[in-house]
Amino acid sequence: MKIETVDFKIRGDERGALVAINQLTDVPFEIRRVYYMWNTLPDVERGFHAHQALEQVLICVSGSCTVTLDDGRERRDVLLDRPDRGLYIGPGYWREMRGFSGGAVLMVLASQTYNPADYIRDYGEFLASVGATKEE
Ligand code: T46
């Protein structure tokens, strides 16, 4: 499985650090929505779904968390622990988020506005959508 991360340029100076993210240049889509989650307790797991069309870039702008990606054949854990690193997730990936540190803020840039119909929440349905089977 190919893990696609993007390292944003840090435009810091003696006053501190700054990252600017431009649509279509720093992320490969037009950004139509931004959301972020915080106060996620350390034993909480989120996600457990895939998307049919949505593209997203996940950035842990404070603290850390682990994102598990599953393409129906392989599962990989990706630690997000830098505010200048994004994880691109396109369609066809089941995602789970866990291991949120104290103070973690996970920010997500998304290619579409919120659409509950784009979610695949059933793992068997997800496997079928990517042409995989539970036996693989
Ligand atoms: C994803 C992962 C990385 C909205 O009303 N608008 C929104 O844009 C979003 C994202 C959520 N919501 C509502 C729906 C639920 O009542 O906020 C509540 C929590 O959302 P959800 O349970 O879907 O959150 P996660 O952390 O399981 O998943 C989210 C995104 O939904 C999903 O697209 O890829 O983060």
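A cavity here is a set of grid points where a 1.4 Å probe fits but cannot get out, and its volume is the space filled by probe spheres set on those points. Keep that in mind for the first view; everything shown comes from a predicted model.

View 1. What lines it? Lys 2, Ile 3 and Glu 4 do, along with Leu 69, Tyr 88, Ile 89, Gly 90 and Tyr 93. Sorted by class, that lining has 5 nonpolar, 1 polar and 2 charged residues. As for the probe idea itself, rolling something the size of a water molecule over the atoms shows where empty space is left.

**View 2. The five-stranded sheet.** This is an open sheet of 5 strands with antiparallel pairing, and the order reads S6-S5-S8-S3-S10. Strand S6 (75–80) and strand S10 (119–120) are the edges, each pairing on one side only. Zoom in on S5 (residues 65–70) and S6: they run antiparallel, joined by 6 bridges. In that pair, Asp 70 of the protein stands opposite Arg 75 in S6.

**View 3. Arg 98 and its surroundings.** Arg 98 sits in strand S8, which covers residues 94–98. Which side chains does the Arg 98 side chain make polar contacts with? One is that of Glu 45, at 2.7 Å. Another is that of Glu 96, also listed at 2.7 Å. Skipping neighbours within four places in sequence, Arg 98 is in contact with Val 44, Glu 45, Phe 48, Cys 65, Thr 66 and Thr 68. For a sense of how the chain folds back here, take Cys 60: Cys 60 and Arg 98 are 38 residues apart in sequence and 12 Å apart in space, C-alpha to C-alpha.

**View 4. Around the ligand.** There are 13 residues around the ligand, and those that come nearest are Arg 33, Arg 46, His 51, Gln 56 and Tyr 119. At Tyr 35, an N or O atom in the side chain is 3.2 Å from an oxygen atom of the ligand. Gly 47 uses its backbone instead, with an N or O atom 2.9 Å from a ligand oxygen.

Methods:
Residues numbered from 1 in each chain as written. Predicted model: local features only at pLDDT ≥ 70, side-chain atom pairs only at ≥ 80, totals over all residues. Heavy atoms only, no water. Helix = DSSP H or I, 4+ residues; strand = E, 2+ residues; numbered from the N terminus. Contact = heavy atoms within 4.5 Å. Polar contact = N/O pair within 3.5 Å; in protein donor to acceptor, adjacent residues only side chain to side chain. Pairing = 2+ DSSP bridges. 1 Å grid on protein atoms, 1.4 Å probe; cavity = no way out; pocket = protein on both sides within 12 Å on 5 of 7 lines; lining within 4 Å. Nonpolar A, V, L, I, M, F, W, Y, C, P; charged D, E, K, R; others polar. Near = heavy atom within 4 Å.
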